Amino acid sequence: MKLLTDELIEAAMHELGFSEKQISEQNHDFTQLVLDHYDAKVSDRWEQQDLYVYEESTRDGYSVWVCTHTPDSVCINEDIFYHDHSSEIIREIQDAIRNGLSIYCDTEGIINDAIEDMSDRIYDDVRADVEMEFHNKGYEWPSKVPELLKEIKQLLTDEGLNKHQKVVDKITTAIEQLDNKNDN
C-alpha cells in the first residue's frame, strides 16, 4: 500500500498548474488552463456556440448585455441585463465552463471574472480529480487513528518517558494492533 499525503496531491496539482499559489496568482494562462480542464471553449467569433454573451445597444444609445443560449430568439425578460458583470451572467458563464460548453463572448474580462469567482470550486474539482488518480494507482490515505496515536505518543515521550511510560506502552500496543488490522 502506498500512502497518499497532502504534499503528494499539492505537488501533482502544481505540475498541472492548479496549486493554491498558482490559483492565487491567476493570469491569462490560468484562464486557458481552466477552460482546457473543463473542455470549455471561448471565442469572439459569431458561430455555432452553446452560450452567447455580448453587448448590445438600445435604440436610444444605452448599453445592455445579452446572455443567451438562443441568439435567434432573445427573450428580453430573461436574456437582457443592464450590467455586464451581473451575477446571473457570471453564473451562466461558470455553468457553461463547468459543463464544457462553447461560449461566444466579445469581452475577455467577463470570462476572467467568472473564472476568478469560481477559483475555490476549480481547486476542489482538480484536487478531487488528482486524488482519484492517486487512488487508481493504489495510493490510500493513512488511517487517522494510528497517526493521531503516534503524535500523542511523541508528545508524551518528549515530556519525559518515565513520567508517562504506562500510557506510552498502551499507545504502542494500540498502534501495533491497528497496524496488524490494516495489514489483514
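Leaving aside neighbours within four places in sequence, which residues is Ser102 in contact with? The first legend answers this. The model is predicted, so local features need pLDDT of at least 70 and side-chain atom pairs count only at pLDDT 80 or more, while totals for chains, interfaces and linings use all residues. Residues are numbered from 1 along each chain as its sequence is written, and side-chain values use heavy atoms, with hydrogens and water left out.

**View 1. Ser102 and its contacts.** Ser102 is in strand β6, residues 102-105. Helices (H or I, at least four residues) and strands (E, at least two) are DSSP runs, numbered from the N terminus. Beyond its neighbours within four places in sequence, Ser102 is in contact with Lys41, Gln48, Gln49, Asp50 and Leu51. Contact means heavy atoms within 4.5 Å. Ser102 has a relative accessibility of 16% and therefore counts as buried. Buried means under 20% relative accessible area, exposed over 50%, and partly exposed in between (1.4 Å probe, protein chains only).

**View 2. Tyr54 in strand β3.** Strand β3 covers residues 51-57. Tyr54 counts as buried because its relative accessibility is 9%. Leaving aside neighbours within four places in sequence, Tyr54 touches Trp46, Val64, Trp65, Val66, Val74, Tyr104 and Asp106 by the contact rule. Tyr54 and Asp106 are 52 residues apart along the chain, and their C-alpha atoms are separated by 5.6 Å.

**View 3. The packing of helices α1 and α7.** Helix α1 (residues 6-16) and helix α7 (residues 119-136) pack at an angle of about 115°, and their axes are 10 Å apart. That angle makes α1 roughly perpendicular to α7. Axes are lines fitted to C-alpha atoms, for helices over the stretch in contact, and angles run from 0 to 180 degrees between N-to-C directions. Angles under 35 degrees count as roughly parallel, over 145 as roughly antiparallel, 65 to 115 as roughly perpendicular, and the rest as oblique. On the α1 side the contact is made by Asp6, Leu8, Ile9, Glu10, Ala12, Met13 and Leu16. On the α7 side it is made by Tyr123, Val126, Arg127, Val130, Glu131 and Phe134. By class, the residues of the contact of α1 with α7 are 9 nonpolar, no polar and 4 charged. Ala, Val, Leu, Ile, Met, Phe, Trp, Tyr, Cys and Pro count as nonpolar, Asp, Glu, Lys and Arg as charged, and the others, Gly among them, as polar.

**View 4. The salt bridge of Asp6 and Arg127.** The side chains of Asp6 and Arg127 form a salt bridge, at 2.5 Å from N to O. A salt bridge is a side-chain nitrogen of Lys or Arg within 4 Å of a carboxyl oxygen of Asp or Glu. By this rule the count comes to 3 salt bridges. The pair links distant parts of the chain, with Asp6 in helix α1 and Arg127 in helix α7, 121 residues apart. Asp6 is partly exposed, at a relative accessible area of 41%, whereas Arg127 is buried, at 19%.

View 5. Asp95 counts as partly exposed at 32% relative accessibility, and Arg98 counts as partly exposed at 23%. Arg121 is partly exposed, with a relative accessible area of 42%.

**View 6. The packing of helices α5 and α6.** Helix α5 and helix α6 (residues 108-117) pack at an angle of about 75°, with their axes 9 Å apart. That makes α5 roughly perpendicular to α6. Helix α5 contributes Ile89, Ile90, Ile93, Gln94 and Ile97 to the contact, and helix α6 contributes Ile110, Ile111, Asp113, Ala114, Ile115 and Asp117. The contact of α5 with α6 has 8 nonpolar, 1 polar and 2 charged residues.

**View 7. Asp39 in a loop.** Asp39 is in the loop between α3 (28-37) and β2 (41-43). Asp39 is not a glycine, yet it has a positive phi of about 60°. At 57% relative accessibility, Asp39 counts as exposed.
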